[in-house]
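I opened my notebook to go through this structure entry by entry.

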Amino acid sequence: MTLRKTCLHAAVLIALSCAITPLAGHAAPAPAPLTGDAWRLADEGYRAYNRGLYAQAQAKAEAALKLRPDTDRLYLLLVYSLQKQGKIAQALQVADRAIREGHGNPALREARTNLAAAPATGGSAAAPTDTPAYRKGFPIATRAYDEFNAGNHAAAARDAEQAFRTDPSQGAWALLWLDALEAQGQYDAADRAVTTSLALGARNKTDLVARQQTLHRRLAIRPAEAGYQALINDRPGDAVPLAREAVSLAPDITSHRLLLMTALMLDNHLPEAEAAASDALVADDESTMSLVMRAYLRQRQGKTGDANADFDAALKQDWLDNDQRRNVQLIAADAAIASGDGARATSLLSSLPGNDVDAGKRRKQAGSARAPARPLTLSAYPPPLQDCHDTPYGTSCDPLPSDASVSGDPAMRAYAAYGQQDYQTAITLARQAIELNPEREVNQRLLTTALAAGNRAQQAEAAARIEAALAKKPDDSALLMQRGYLRQRLGQPALALEDFRAARATGKAPPTAILDEAFAMSGTGDKRGAVGILKQAIDEADAGRLELDPQQRYNTRAGIAGLSREWGATVSAGFRGSRPAASGAAGAAVTVPGDAVFSTAEVYWRPSDFLNTSTRVFEVYGRVSNTLYDSGSKTNSQTVDNPCAGLVSDASSTIDVTGTRNNGITGFPTTVGAAGFRFTPSTETGFTFGLERRFNLGSATYQGTLAPDSKKYQCALVNSTYRLRLAEEILQQQGLISTPPTNQQTQAVQDTLNRLGLGAGQLVANYKTHQGDGGWLAYMTYGFYEGTGLRVDLPSWLTIEGYAQAGYTWQDLPASFQLRNVTTGQEVATGSGRLRQDQGFAAAELRFGRSIRLDAISDRLIVFPYVVVGADWLWQKNKVNISGIPSEITALLGSGSLDLQNNGSTWSLGAGPGVNFRYWFREDHYNAPRSYLDWTTQYRFNIGGGEADRAKGLFMNMTLSY
């Protein structure tokens, strides 16, 4: 076999040393010595070629030629690297250029001759050249080669295709067709051309299949980058189909398989993620990263035995160095600790030195390891990090413990930092990745994404970068989507909507872009339009054109239900075993109200064209509330302070009170109405502001009994004997009677009291305002809710809900006042004035537990056992201003402004267990459940505050939200 045939035939491709060996009989000129970077690049190129890494060898040769364009052997390295990849036309173009520039190496000329007459390769016989088809196609092919060398790749592709279709046995013409298409960046068309060439019977099947695999690797980059972008945007469900596409195109690329595992894991599809890891091990059974990831995924599912087997298999791999083995030991120990197996964790760590900080931390954790009470979560048991870096054999990824600092590829470290929401570190590392590889587009987009999550200046830089990239590629759907996400973050939903629409118009955006368009539209306030698009998304999913998993489909339906809601109603009834203590009139003893049920009914309206968007809620509402049931209040037999002590000389310091029970007031007399509005500027922050006008409708709400804070007033009201003594002492202080008074003076005072109706019996002071009058309430609420909605992808999930509210109520109403003798029934005096009531309040409650879907009964029924902590603070200042009372009475009781009892502030704090049941209903094909019936009960124990009765006892509530 001649050197010419040996160097050319693809089935027996020669070593590079053969390619650069001078032909016998030719005097080869001594090659110029290579030094410095040129020598290093050439050496790396030769090594890559010998390992079969022809694309890498091509890149090194091109870089070396930029430094030493005078070196024949670098041209030979480049020519044969291209030939080995099946890029015959490009190899021929390089050889022609080298010869034109005066490089007369005989091996280079021989290579040029061989390439120009390249026979079919791939293990098949040479194609015949004496057929009519060949003679007809040859001039067309010759023209195509000339067009390719002249840079007219579109014409070359057209003529090469025509030549090949004329004689499909000429595989070299098929390769020229592919080269011309690739030179234009038409990789999809090149992929179809390979399929067509094979179908037409091209003889160089091996070369064509190899070229198709290279094309697929290149085509896989686009969905892989889009998949990483979806993960960055916290949309793992969107990343899954993109990762599957990348794996399908390039199953030998480990990073694509890791992307698929990660996306499935983050999307809570653990069995599918485990299956993806198993598939990766079938493709490469020596991949430590895939084996460790499968072990982690199995541990997450509670398959401890299978997980341990995988970790043990990874530790037995004899090619691991000491650092790699240590990392696997730490990761396996984390799994053992998470499963509660402290003994295994200790054993795994036994070979690590005592001064190993990471191992020491895990040894302490192993000592207190307990079996998990619930399935492991991503936050409780985070996955290993993926430390990926380039090697001569491609990208290699090593597993690192979840708490490790990722070394190696700064891009991967940037992804890790971004995932930990350390955006400033991600920005720094992304800049480093670009410095190392500025041509890698995914690094450029990584930096832009990281900048978009930074401060305002960094977001502006991200916007400028996107604008610059779009100026070069105005129809790039990924860039348009990225700008749309940034504009959403900047609070520009209208501009974001334009981008999402433009991205979809290219036909290259992911199918889920329809959801982005819908939510951007709702952000502009066009909620009805957004609902229409979301319904279209459901239709697309029904037709199989949009892949939505069950939870994504449910979330889309929930979006329709939420955005289409323009009105609603809520009815609730609450029961408390204890309520705030209060003081009765005339210095009566403290009373403890009994059990009662309070009801509230509310109707609200959300104007669709005013303030309401997907992240902003404005509601106008009307509400009525009252007491449905009240068991009454009880006054226990007790000894209390005597209000007359210190005012009347012979008054005792205390008095005894006989226990009594008073019937509670229920029904319409207790009814209070309200009309108001509330506004949530951003559902992301959770703050709501409200203002409402209250209306006292029931008789018990606009009239009642006054309990003055004045000791003199209380003393005068409570007892006729003390009332007489108090009147005498007031007259003595004024010098109108003697001290002590004579019998005649005492009788005169008593006669005056009798005339005024104050001579005997107990007095009570009543007030009455106008029905329908009321006060105002201004309030602010912060709500935090995680896992409170219905989930269809998990049987149970962590749930945290809490709120904090602060507000102020005030009313200043005209009122009439009446002083009445309870014993005789006589109206003693009347007056007029104002009733002023001010109250500030704050309350907070936090519930923490786990929601469980009761599928055995209904997949729409949820039970939520929880622990609750509740606190409240109450401040009030109530007073009356009275005028028109006879002077004799005002002299005794006083007049003008009187403070009422219980002014000041109190607080309480309680905690205890609780359970909540919620049933969701009213759903259809497009809408998720829009209504629910909720029942919750809890028992709190007082743990702080001066008002223990307010914080302890049984609390229950039932709510119907429609």
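Entry one, the S-S link. I looked up the torsion about the S-S bond of Cys644 and Cys715: it is 110°, and the link is right-handed. The pair joins distant parts of the chain, 71 residues apart. I placed Cys644 in the loop between strand E9 (638–641) and strand E10 (654–657). Cys715 sits in helix H31 (residues 711–718). The model is predicted. I read 1.9 Å between the two sulfur atoms. Are Cys644 and Cys715 buried or exposed? I found both buried. I then searched the whole structure for disulfides and got 1.

Entry two, helix H20. I took residues 357–367 and asked which are buried. Ala359, Arg362 and Ala366 are. Looking down the axis of H20, I saw the buried residues fall within an arc of 65°, so they line one face of the helix. I noted the general rule: an α-helix has 3.6 residues a turn, so residues three or four places apart point the same way. Val357, Lys364 and Gly367 are exposed on the other side of H20. I checked what covers the buried residues of H20; the cover includes helix H18 (322–339) and helix H19 (342–349). At the N-terminal end, I found Asp356 as the cap of H20. One of its side-chain oxygens lies 3.1 Å from the backbone nitrogen of Asp358.

I counted 35 helices and 23 strands. Of the 962 residues, 46% are buried. I took contacts between residues at least 6 apart in sequence; 64% of them join residues at least 24 apart.

How values were computed: Residues numbered from 1 in each chain as written. Predicted model: local features only at pLDDT ≥ 70, side-chain atom pairs only at ≥ 80, totals over all residues. Heavy atoms only, no water. Buried < 20%, exposed > 50% of the residue type's maximum accessible area, 1.4 Å probe, protein only. Helix = DSSP H or I, 4+ residues; strand = E, 2+ residues; numbered from the N terminus. Arc of directions from axis to C-beta. Contact = heavy atoms within 4.5 Å. Polar contact = N/O pair within 3.5 Å; in protein donor to acceptor, adjacent residues only side chain to side chain. Disulfide = S-S within 2.5 Å.
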